[in-house]
Amino acid sequence: EVDKAIYPEFLLNLLKESYRVMADHSWLVFWFAPEPYFNLVYETIKKVGFRTSRMCGIWVKGGSGQSMNPTIRLSNNYEMFFYAWKGSPSLNKAGKSNVFQYPSVPPQQKIHPTERPIELTKDLYETFTFPGSRVLIPFLGSGNGLLAATQLGMSAIGFELSKGYKDSFLVKANSMFAKS
């Protein structure tokens, strides 16, 4: 979604600004494509001041996975995220595994290509944050991060450049809240 030629600068600016606005003793969860970006993302996270480890969090999706080129590549059935910290935060769920197992959002229900299930997002928030926390989501995509935070009684703010994704999220959110 960001041109490869400008991605390193974009990433640096994004992470610098995220670090600047985050509270002391807080967490960053950063989803990324490991190929070809693992080292770039890892080094940039550290460069701006966060601390992290190369031992990523992993979302295991279950099912058959997907591949952009299934005739020569194995299907991918997981996604990775770095978790990094500013200051000295504590986990809300001490001792939690770095593996999160949740089924993918069915393709016919997705409003964004990299949509993650609300239940996964809630588990991440409950692992890294405490009740009443504030959550910043710089890439809203499907908006599931906002919905998860709202369902957990957290305050959240996020941004989305695509009017199409924003409009789709608003329809979904209105439908969900109308049922409540």
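1. Basis. The model is predicted, with local features needing pLDDT of at least 70 and side-chain atom pairs counting only at pLDDT 80 or more, while totals for chains, interfaces and linings use all residues. Residues are numbered from 1 along each chain as its sequence is written, and side-chain values use heavy atoms, with hydrogens and water left out. Helices (H or I, at least four residues) and strands (E, at least two) are DSSP runs numbered from the N terminus.

2. Helix 1 and helix 2. The two axes come within 9 Å and cross at roughly 35 degrees; axes here are lines fitted to C-alpha atoms, for helices over the stretch in contact, and angles run from 0 to 180 degrees between N-to-C directions. Y7, P8, L11, L12 and L15 of helix 1 meet Y37, L40, V41, T44, I45 and K47 of helix 2, where contact means heavy atoms within 4.5 Å. This contact has nine nonpolar, one polar and one charged residues. Nonpolar covers Ala, Val, Leu, Ile, Met, Phe, Trp, Tyr, Cys and Pro, charged covers Asp, Glu, Lys and Arg, and the others, Gly among them, are polar.

3. L12. This residue lies in helix 1. Setting aside neighbours within four places in sequence, L12 is in contact with T44, K47 and V48.

4. Backbone features to check. A cis peptide bond joins E35 and P36, with omega about 15 degrees; P36 lies in helix 2 (residues 34-47). H25, not a glycine, has a positive phi of about 60 degrees and is found in the loop between helix 1 (7-21) and strand 1 (26-32). Most residues other than glycine have a negative phi, and most peptide bonds are trans.

5. Helix 3 and helix 4. The axes of helix 3 (residues 118-128) and helix 4 (residues 144-151) come within 9 Å and cross at roughly 60 degrees. Helix 3 is therefore oblique to helix 4 (under 35 degrees counts as roughly parallel, over 145 as roughly antiparallel, 65 to 115 as roughly perpendicular and the rest as oblique). The crossing is right-handed. From helix 3, I118, T121, K122 and Y125 meet N144, G145, L147, A148, A149 and Q151 of helix 4. Five nonpolar, four polar and one charged residues make up this contact.

6. Helix 4 and helix 5. Helix 4 packs on helix 5 (residues 163-179) at about 25 degrees, with the axes 10 Å apart, and the pair is therefore roughly parallel. Helix 4 passes helix 5 in a right-handed crossing. N144, L146, L147, T150 and Q151 in helix 4 meet F169, K172, A173, M176 and F177 in helix 5. The classes here are six nonpolar, three polar and one charged.

7. Second largest pocket. About 190 Å³ of space lies in this pocket. Its lining consists of P103, S104, V105, P106, Q109, E115, P117, I118, N144 and K172, by class five nonpolar, three polar and two charged residues. On a 1 Å grid over the protein atoms alone, a pocket is an open set of points where a 1.4 Å probe fits, with protein on both sides within 12 Å along at least five of seven lines, and lining residues have an atom within 4 Å of a point. Grid points are joined across faces, edges and corners, and the volume is the space filled by probe spheres set on the points. Among the lining residues, I118 also takes part in the contact of helix 3 with helix 4, and K172 in that of helix 4 with helix 5.

Conventions. Left-handed = near helix turned anticlockwise from the far one by under 90°.
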